[in-house]
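Reader: Can you walk me through this protein? Keep it short, please.

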Amino acid sequence: MSKVEDEICVSEGVGVTQIPPLKKTDEEQPYKLKVYHMFVEFYSLPDPERAEFLSIPYNEKLKKFERAATLKEFALSYGVAYETLRVWKKRDDFCAAVDERRREWGKDKTANVLSSLYRRCIKYGMSYDVET
């Protein structure tokens with residue numbers, strides 16, 4: 001069989017364009033799509049927010065959550081295997097989705113963080129707190 005016969009081509013007037021191969025269905029949509037989106041949300045959060053996400057008790061006396069939320073707890077809470085989470089993390093689109101969600105999450109907080117850092121610098125003269 002020749003190279004031309006091996007390629008799937010479509011004639012478009014003047015030239016010939018190769019049709020891209022179809023993706024496997026398991027690469028297009030992750031298993032349990034709604035839970036996958038919840039996992040992206042969970043994974044994009046900092047530890048205290050993750051604990052709140054899974055309703056881990058908050059210790060009022062210590063002013064912090066009793067412990068950090070783990071991936072295994074997420075898996076148990078949402079009825080998926082821990083291995084499924086590991087597979088999802090290896091997806092090509094996972095990191096981009098987490099980064100996008102982190103940007104969305106941070107947009108609401110950026111002004112407050114900058115304001116707090118500014119007040120701290122003015123009040124205590126601690127500019128090294130905000131140096132990059």
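Predicted model: local features only at pLDDT ≥ 70, side-chain atom pairs only at ≥ 80, totals over all residues.

Reader: At what angle do α3 and α7 pack?

Author: About 60°, with their axes 9 Å apart. Axes are lines fitted to C-alpha atoms, for helices over the stretch in contact, and angles run from 0 to 180 degrees between N-to-C directions.

Reader: Which residues make the contact?

Author: From α3, Y36, F39, V40, E41, Y43 and S44. From α7, F94, A97, V98, R101 and R102. Contact means heavy atoms within 4.5 Å. By class, the contact of α3 with α7 has seven nonpolar, one polar and three charged residues. Here Ala, Val, Leu, Ile, Met, Phe, Trp, Tyr, Cys and Pro count as nonpolar, Asp, Glu, Lys and Arg as charged, and the others, Gly among them, as polar.

Reader: OK, new pair. How do the axes of α5 and α6 cross?

Author: At roughly 110°, and they come within 8 Å. That makes α5 roughly perpendicular to α6.

Reader: And which residues meet there?

Author: L71, K72, F74 and A75 in α5 meet Y82, L85 and K89 in α6. The residues of this contact of α5 with α6 divide into five nonpolar, no polar and two charged.

Reader: What does L85 touch?

Author: F39, L71, F74, A75 and V80. That list leaves out residues up to four places away in sequence.

Reader: How many residues are in the largest nonpolar core?

Author: It has 17. Such a core is a set of buried Ala, Val, Leu, Ile, Met, Phe, Trp, Tyr and Cys residues joined through side-chain atoms within 4.5 Å. F39, F42, F74, L85 and W88 have the most contacts inside it.

Reader: Which helix gives the most to this core?

Author: α3, with five residues.

Reader: How much of the protein is buried?

Author: Buried residues make up 22% of the 132 residues. Buried means under 20% relative accessible area, exposed over 50%, partly exposed in between (1.4 Å probe, protein chains only).

Reader: Last one. How many helices and strands?

Author: Seven helices and four strands. Helices (H or I, at least four residues) and strands (E, at least two) are DSSP runs, numbered from the N terminus.

Note on methods
Residues numbered from 1 in each chain as written. Heavy atoms only, no water. Parallel < 35°, antiparallel > 145°, perpendicular 65-115°, else oblique.
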